[in-house]
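Here is a short briefing on one protein chain. Please keep the structure open while reading.

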Amino acid sequence: QVQPEESGGGLVQVGGSLRLSCRASGRTFGAYATGWYRQAPGKEREFVAAINNWPGGNTYYADFVNGRFIISNDNAENTVDLQMNSLIPEDTGVYYCGTQQRAGTPFGSWGQGTQVTVSS
């Protein structure tokens, strides 16, 4: 199986924006959903957002997103993107994408991650 590949991370100031991209693969295409998780130093990996892997799929967000992020399928590019706006220092961490094989199961098959750093 081919692992997802994340890109788009970087260093931004508070209030800035980043657009993360998760490259789709046969593995991710066949999954029930694709999700973004993040992990800050000293903390456990936490859920950020997810989207079902079909056109018009439902989207899901962690409470802390508070309308700031949008997850979407880019079918032409075979990616799942996460547009992040109004970034705050608490958003700093390594962002990973993974897949959910069926409803109610844990996400897995993680990529290597992309670093997001939000400076104060």
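The points below go from the overall fold to the sheet, the hairpins, the salt bridges and the disulfide.

This is a predicted model. The protein chain holds one helix and ten strands. Six of the strands make an open sheet with mixed pairing. Five salt bridges and one disulfide are counted.

**Overall fold**

- From the N terminus, the order of elements is β-β-β-α-β-β-β-β-β-β-β.
- The radius of gyration is 13 Å, close to the 14 Å of the globule rule for 120 residues, so the protein chain is as compact as a globular protein of that length.
- Along the principal axes, the C-alpha atoms fill a box of roughly 40 × 30 × 25 Å.
- Of the 120 residues, 43% count as buried.
- Take the contacts with a separation of 6 or more: 52% of them come from residues 24 or more positions apart.

**The six-stranded sheet**

- The strand order is β2-β10-β9-β4-β5-β6.
- Which strands stand at the edges? They are β2 (10-13) and β6, and each has a single partner strand, so one side of each lacks a neighbour in the sheet.
- On average, neighbouring strands of this sheet are turned by 20° against each other, direction ignored.
- Strands of a sheet pair through backbone hydrogen bonds, in either the parallel or the antiparallel sense.

- Strand β5 covers residues 46-52. Five of its seven residues are buried, so the strand is largely enclosed by the rest of the structure.
- With strand β4 (residues 33-39), β5 pairs in the antiparallel sense over six bridges.
- With strand β6 (residues 59-61), β5 again pairs in the antiparallel sense, over three bridges.
- A50 of β5 is the bridge partner of G35. A50 also stands opposite Y60 in β6.
- A49 stands opposite Y61 in β6.
- In a regular strand, side chains alternate between the two faces of the sheet.
- The hairpin of β4 and β5 has six residues between the strands, and G42 there takes a positive phi near 80°.
- The hairpin of β5 and β6 has six residues between the strands, and G56 there takes a positive phi near 75°.

**Salt bridges**

- The count comes to five salt bridges. Three of them, including the D81 pair, are described here.
- D81 forms a salt bridge with R19, with the closest N and O atoms 3.2 Å apart. This pair links distant parts of the chain: D81 is in strand β8 (residues 79-84), R19 is in strand β3 (residues 18-23), and they are 62 residues apart.
- Is D81 buried or exposed? D81 counts as buried because its relative accessibility is 4%, under the 20% cut-off. R19 counts as partly exposed, at 44%.
- R38 forms a salt bridge with E46, with the closest N and O atoms 2.8 Å apart. R38 is buried, at 5% relative accessible area. E46 counts as partly exposed, at 32% relative accessibility.
- R68 forms a salt bridge with D91, with the closest N and O atoms 2.7 Å apart. This pair, too, links distant parts of the chain: R68 is in the loop between β6 and β7 (69-74), D91 is in the loop between β8 and β9 (93-100), and they are 23 residues apart.
- R68 is buried, with a relative accessible area of 12%. D91 is buried, with a relative accessible area of 0%.
- Which residues are linked in a network of salt bridges? The network links R38, E46, R68 and D91.

**The disulfide**

- C22 and C97 form a disulfide, with their sulfur atoms 2.1 Å apart.
- The link of C22 and C97 is right-handed, with 70° about the S-S bond.
- C22 lies in strand β3 and C97 in strand β9, so the pair ties together parts that are 75 residues apart in sequence.
- C22 counts as buried, at 1% relative accessibility. C97 counts as buried, at 0% relative accessibility.
- A disulfide is a covalent bond between the sulfur atoms of two cysteines.

How values were computed. Residues numbered from 1 in each chain as written. Heavy atoms only, no water. Buried < 20%, exposed > 50% of the residue type's maximum accessible area, 1.4 Å probe, protein only. Helix = DSSP H or I, 4+ residues; strand = E, 2+ residues; numbered from the N terminus. Pairing = 2+ DSSP bridges. Salt bridge = Lys/Arg side-chain N within 4 Å of Asp/Glu carboxyl O. Disulfide = S-S within 2.5 Å. Axes fitted to C-alpha atoms, helices over the stretch in contact; angles between N-to-C directions. Rg over C-alpha atoms; globule rule 2.2 N^0.38 Å. Contact = heavy atoms within 4.5 Å.
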